[in-house]
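Me: I would like to learn how to read the side-chain contacts and backbone features of a model, one feature at a time. Could you take me through them, giving the general idea before each case?

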Amino acid sequence: MKRMKLRWAMHIILLLFLLLLTVGCKNRSNNGALPPPSPAGEEGVSNLSGTVVMLTNRIDLIENGTFKGYAEQFKKKYPEANVEFEGLSNYATDILVRLSTKDAGDVLLLPVNLPAKELGNFFEPLDEALSAQERFTTFSTYDGKRYGLSTGTTTSGIVYNKRAFEKAGITEVPRTLDEFYAASAKLKRAGITPLYMNYGAVWPLREWGNNLVNYMTGNPDYMNNMVQQDSPWKIGNEWGKALQIARTMIAKGYVEDELFSNNWEISKTKLAKGEAGMYLQGNWTIRQILDAGASSDDIGFFPFPYDNSSTRYAPLNPDWFIGVSKFSKNKELAMAWMKFFLKDTSYVADWGFLPPDGSEEPSMPQYREFLSYNPKLVEATVQTDAFIDMANRSKLSFWSGDYIQELIAAPDLQKSFDQLNEKWKEARAGQQASPQPQGINTESR
């Protein structure tokens, strides 16, 4: 099986290598930049026609008709235009394959582990006016050009059911790690699953690994700085502390019983009904819990108390970035749709994101509760090409959560850390010997 995975990874790398050669030749023969779409209301805007396809990870919004509704709004503005949607169930990995074959639709979410220097090979540069209010200025840019815009802004913390807390006799949200464990014990005694970790779904485990360690020190470049170390995984540092919390929650029976089942959809219903007490997730999950049947008054949100100190950091992260494919055959229409989707639809407000440009006040009451606890918000910085290269070289799935699952389940965490450090040290030596980034590697996702 390992040999098959390596063979598959080599095929993808070869495809991308050939693709980059093709794009390079094309760039040398055509240096013309795509003009920005006409602003709304200008002459000629209604003449845009044709069909564009948007690739997305939000299969649920395709199935429930939400995206179709947005497309119908767009059609009122551009009567001759159509927007179709394609959902990828494992977007982080699948999109790399699609890019390698130039079959990436017209508008799509940018892969998070694509080196910045390669953005121009796969995406169209955006008009400066379109990104003027973008909060996350270090993301999706290279050589002065921007290739993507954030679809929303998120933070992470504990989403909780207030009725479950009342039933368990919890009168105040926990402010320290000891109080968090004590609240979990009370929930368990009340017959409520204290925290739904969604261990079997895998991707939610990122919150217990790289997401947590990257903000609990208040340093958004914690992960990027790992490239300067041979042994970044230690029991006594942020990696050890974060994973020990997750391992403690499992050891004490404070999480779901069916650990290995993917019960993401079920977990939302359980939290909505108060059968589960808490999530460690982003604020974007709140809307999904409300859609699962919860009253907004019953759902709260507070910063995760990852230690017993009085200072509490919380992240301020962009959600997926969206851009226009370099291989789109209708780029002007694709640009118009991307702008409409971000600026004119209610996507951000509908699905629990914070305004991406930071100029508007959040309307979500749960987020106002979150801010009332006075966390210090740590604005994310982009993962450097050096870090992405190291992740690719060491074949660690930082963006999928797979290796976090393995660390949480490891019989000996120190031994697992030693193995990771050995891979990392070898990758670092290779990077120093050959400092040029290696490009996309599907094994790292």
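**Reading the contacts**

Reply: Ring pairs link Phe67, Tyr70, Phe74, Tyr78, Phe85, Trp337, Phe340, Phe341, Tyr347 and Phe353 into a cluster. This is a predicted model, in which local features need pLDDT of at least 70 and side-chain atom pairs count only at pLDDT 80 or more, while totals for chains, interfaces and linings use all residues. Residues are numbered from 1 along each chain as its sequence is written, and side-chain values use heavy atoms, with hydrogens and water left out.

Me: How many aromatic pairs are found in the whole structure, and what counts as a pair?

Reply: Rings of Phe, Tyr and Trp (its six-membered ring) pair if their centres lie within 6.5 Å, and planes under 30 degrees apart count as stacked, over 60 as edge-to-face and the rest as tilted. A search of the whole structure finds 38 aromatic pairs. The ring centres of Tyr70 and Phe341 are 6.1 Å apart with the planes at 70°, so this pair is edge-to-face. Because Tyr70 lies in helix H3 and Phe341 in helix H12, the pair ties together parts that are 271 residues apart in sequence; helices (H or I, at least four residues) and strands (E, at least two) are DSSP runs, numbered from the N terminus. For Phe74 and Tyr78, the centres are 4.7 Å apart and the planes at 45°, so that pair is tilted.

Me: Are Tyr70 and Phe341 buried or exposed?

Reply: Buried means under 20% relative accessible area, exposed over 50%, and partly exposed in between (1.4 Å probe, protein chains only). Tyr70 is buried, with a relative accessible area of 3%, and Phe341 counts as buried at 2%. Phe74 and Tyr78 are buried as well.

Me: How many salt bridges does the structure hold, and which parts does the pair of Asp298 and Arg163 tie together?

Reply: A salt bridge is a side-chain nitrogen of Lys or Arg within 4 Å of a carboxyl oxygen of Asp or Glu. The structure holds 13 salt bridges. One of them joins Asp298 to Arg163, whose closest N and O atoms are 2.2 Å apart. Asp298 lies in the loop between helix H11 (285-291) and E11, and Arg163 in helix H6 (residues 162-168), so the pair ties together parts that are 135 residues apart in sequence. At 18% relative accessibility Asp298 counts as buried, whereas Arg163 is partly exposed at 36%.

Me: Where do Lys268 and Glu265 lie?

Reply: Both lie in helix H10 (residues 264-273), 3 residues apart, about one turn of the helix, and their side chains meet in a salt bridge with an N to O distance of 3.0 Å. Lys268 counts as buried at 8% relative accessibility, whereas Glu265 is exposed at 51%.

Me: Which way do the residues of strand E11 point?

Reply: From strand E11 (residues 299-302), Ile299 and Phe301 point one way and Gly300 and Phe302 the other way, and all are buried. Two strands pair if DSSP finds at least two bridges between them; strand E8 (residues 156-161) and E11 pair in the antiparallel sense over 4 bridges, with Asn161 opposite Ile299.

Me: What is the phi of Asn198, and where does this residue lie?

Reply: Asn198 has a positive phi of about 55° although it is not a glycine. Asn198 lies in the loop between strand E9 (193-195) and helix H8 (210-213), and it counts as buried at 2% relative accessibility.
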